[in-house]
Amino acid sequence: MTALPDKVARLVRPEIRALKAYHVPDATGLIKLDAMENPYTWPEEVRSAWLEAVRQVSLNRYPDPGARKVKESLRTALEVPPGQDLLLGNGSDELIQIICLALTRPSAVVLAPTPTFVMYEMIATFTGMKFISVPLAKDYALDDAAMLEAIEREEPAVVFLAYPNNPTGNLFDRAVVERLIRAVPGLVVVDEAYHAFAQDSFMAQLSEFDNLLVMRTLSKQGLAGLRLGVLAGAPAWLNEFDKVRLPYNLGSLTQASAEFALTQRAMLDEQAAQICRDRETLYQELAAIDGLTVWPSRANFILFRVETKSADQVFQALLRAKVLVKNMNATMPECLRVTVGMPAENAAFVAALRGALK
Ligand SMILES: *Cc1c(COP(=O)(O)O)cnc(C)c1O
């Protein structure tokens, strides 16, 4: 009889066994500033209208496999250019997975500048693709020459560019991004998860580049619990990717809720504008603290480095003060990332941080 660990080791691919499962910490009782969520909930009358919309859903029936109504609403809301199509996913994470599943083959490469969103590398690994990272340059700008060199050498099937980038918060130079799109033999996915806060997009460029796809999500704008990601681009690409999508990847409740949420865009946009104003206040307060390096952000979070203490110590001290941020130390020495919360939450965080740095 083979022991269970040996059976597992024999069957599960070594690259999967080498991974650590994506860790989500328990935030019970904490001020939650770790996951780029929108801190604002909906007023009672909006909640009631949403529940009324959800009441109409027939849970005994399968959802619309093409999510046609949501797609039509999204087409307008996202200003998708004519001739371009949409593919919807259970969060943009699922869209990254769908893209990789469609492109994977022995030796196919996923390329991204790093540090960046960790799911690009994780999903490349899950799907048996090779992940190539190119370090970002000073202040986290794209390293133009290094990217072009890597693109020529690796001929990636797909390049992921988070715009703005997570966890650094900056927008890459548009001209450099366009040069890369021209240079890449495969696809370029511009991941605009933080579009609500950056207000800068490649959506209008879809018609200019036939190897460009633009990805959005409702998560960072207040609907993280819903799980709805959007991929926009040429039907020739999306029709192929659609074959890999599981037929009912978006449940009826998600579809009905998303349709409803899209009728509340003025409220969601106002929340995003409020978060942008609070981001600037928080940035100024952090920049005024001795012993920190703070990077400007076009997203709903701020990256900073502690110069006089260890990030691990500061992270633990913040936790004792009931504030949860993201400790980036494992991949970015002495760095932490804080999500912009409500003003009182941001103030509690700044006070706790000052205490932690004493
Ligand atoms: C948060 C995030 C996502 C994930 O979005 P979901 O739609 O919630 O899966 C995608 N890309 C980037 C860069 C992110 O930071």
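**Legends to the close-up views**

**View 1. Thr 168 is found in the loop that runs between β5 (158-162) and α8 (174-183).** The model is a predicted one: local features need pLDDT of at least 70, side-chain atom pairs count only at pLDDT 80 or more, and totals for chains, interfaces and linings use all residues. Residue numbers start from 1 along each chain as its sequence is written, and side-chain values use heavy atoms, with hydrogens and water left out. Helices (H or I, at least four residues) and strands (E, at least two) are DSSP runs, numbered from the N terminus. With a relative accessible area of 1%, Thr 168 is buried; buried means under 20% relative accessible area, exposed over 50%, and partly exposed in between (1.4 Å probe, protein chains only). The side chain of Thr 168 makes polar contacts with the side chains of Asn 165, at 3.0 Å, and Asn 170, at 2.5 Å. A polar contact is a pair of N or O atoms within 3.5 Å; within protein, one must be able to donate a hydrogen and the other to accept it, and residues adjacent in sequence count only if both atoms are side-chain atoms. Leaving out residues up to four places away in sequence, Thr 168 touches several others, among them Pro 115, Tyr 140, Trp 295 and Met 332. Contact means heavy atoms within 4.5 Å.

**View 2. Cis peptide bonds join Tyr 163 to Pro 164 and Asn 166 to Pro 167.** Omega is about 0° for the bond between Tyr 163 and Pro 164, and near 15° for the bond from Asn 166 to Pro 167. Pro 164 lies in the loop between β5 and α8, and Pro 167 is placed in the loop between β5 and α8 as well.

**View 3. Tyr 140 and Gln 199 have positive phi values.** Tyr 140, which is not a glycine, has a phi of about 65°. Its place is in the loop between β4 (130-135) and α7 (144-154), and at 14% relative accessibility Tyr 140 counts as buried. For Gln 199, also a residue other than glycine, phi is near 55°. Gln 199 lies in the loop between α9 (195-198) and β7 (212-217) and is exposed, with a relative accessible area of 59%.

**View 4. Leu 88 belongs to strand β2 (residues 85-89).** The relative accessible area of Leu 88 is 4%, so this residue is buried. Beyond its neighbours within four places in sequence, Leu 88 is in contact with residues including Ala 67, Leu 74, Leu 228, Arg 245 and Leu 250. Between Leu 88 and Arg 245 there are 157 residues of sequence separation, with a C-alpha to C-alpha distance of 9.1 Å.

**View 5. The ligand is surrounded by 14 residues.** The closest are Asp 191, Tyr 194, Thr 217, Ser 219 and Lys 220; a residue is near a molecule or strand if one of its heavy atoms lies within 4 Å of it. An oxygen atom of the ligand lies 2.6 Å from an N or O atom in the side chain of Tyr 194, and an oxygen atom of the ligand is 3.1 Å from an N or O atom in the side chain of Lys 220. A backbone N or O atom of Ser 92 is 2.7 Å from an oxygen atom of the ligand. On its own the ligand has 390 Å² of accessible area, and the protein covers 94% of this. Accessible areas come from the Shrake-Rupley method with a 1.4 Å probe; for residues, only the protein chains shown count as cover.
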